[in-house]
Amino acid sequence: MSYEFDDQTAVARQDGRTYAADLAAGWSVGGGLNGGYLLAVIGNALRHTFPDKPDPVAVSAYYLSASAPGPARVSVDVRRDGGSLATAAADLRQGDDARITALATYGDLGRLGGDVRTTADEPDMPPPDRCVPNTMAPPEVRAIAPLMDRFDMRFHPDHVGWAVGQPSGNGVLSAWFRLADGREPDPVSLLLVLDALPPVTFDLGMPGWAPTLELTAHVRARPAPGWLKVRHATRNLASGMFEEDCEVWDSAGRLVAQSRQLALQPRG
């Protein structure tokens, strides 16, 4: 069975270090394509570069300009490939324009051993059928974020006040998450999930597109099949920017991915 996410993040090798991609319009949000989607495209190029180390472990990406639907290329520069881990730099470009530059470490999470041990608290979420589906998002939100049609998201009832003009002001959003066509999560798709929810500034009464400046992702384990729990939170807003911390928990109750990003405050 073919899945939308796989088709629309696919890359084709052009030479030893360059891959072609066709960025899909359905992943648009605000003034460009979603940063997590773009990171997954880069993630696929790196997965092909290191076939014996297929999983992202740590990825740090800088977003240089907004990406548009259409042709793109990913250039990979291998810095080290040995033992259980490999590291490479990767650039995503469209024409002469640099979109993203990233540094990533890859490995085989199935062979690295051990399980997730954490002192973090798993989000306490009502069952998905008692949460608020993203299909109920206000029309103005769906108009600027067609990528929401790619997901099945069920928001915690306490975290959707922003949708009716009553944000909590706590700077927290959490939701159940799965891809709309039923594709099960894997480490590369977690790069998307880490940037899939609306900007956490919605809960501060600041709706609108929040362009990512930098995002660092850590993938801790291959996720179990089923729903994911995703939690975004922020504590600081300064100089027109805010940080957003994300945790992703799988259906086995494990913290499988984390990220921190710095983004521009929405302009409304």
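Which side chains meet in a salt bridge with an N to O distance of 2.8 Å, one of them being that of Asp250? The side chains of Asp250 and Arg254 do so, where a salt bridge is a side-chain nitrogen of Lys or Arg within 4 Å of a carboxyl oxygen of Asp or Glu. The model is predicted, so that local features need pLDDT of at least 70 and side-chain atom pairs count only at pLDDT 80 or more, while totals for chains, interfaces and linings use all residues. Residues are numbered from 1 along each chain as its sequence is written, and side-chain values use heavy atoms, with hydrogens and water left out.

**Count and burial**

- By the salt-bridge rule, the count comes to 17.
- Asp250 and Arg254 are both buried, a term that means under 20% relative accessible area, with exposed meaning over 50% and partly exposed in between (1.4 Å probe, protein chains only).

- Asp81 forms a salt bridge with Lys53, and the closest N and O atoms are 2.8 Å apart.
- This pair links distant parts of the chain, 28 residues apart, with Asp81 in strand β6 (residues 70-82) and Lys53 in the loop between α2 (35-49) and β5 (55-63); helices (H or I, at least four residues) and strands (E, at least two) are DSSP runs, numbered from the N terminus.
- Asp81 is partly exposed, at 45% relative accessible area, whereas Lys53 is buried, at 3%.

**A network**

- Asp6, Arg47, Arg183 and Asp186 are linked in a network of salt bridges.
- Within that network, the side chains of Arg183 and Asp186 meet at 2.9 Å, N to O.
- Arg183 is buried, with a relative accessible area of 9%, and Asp186 is buried, with 17%.
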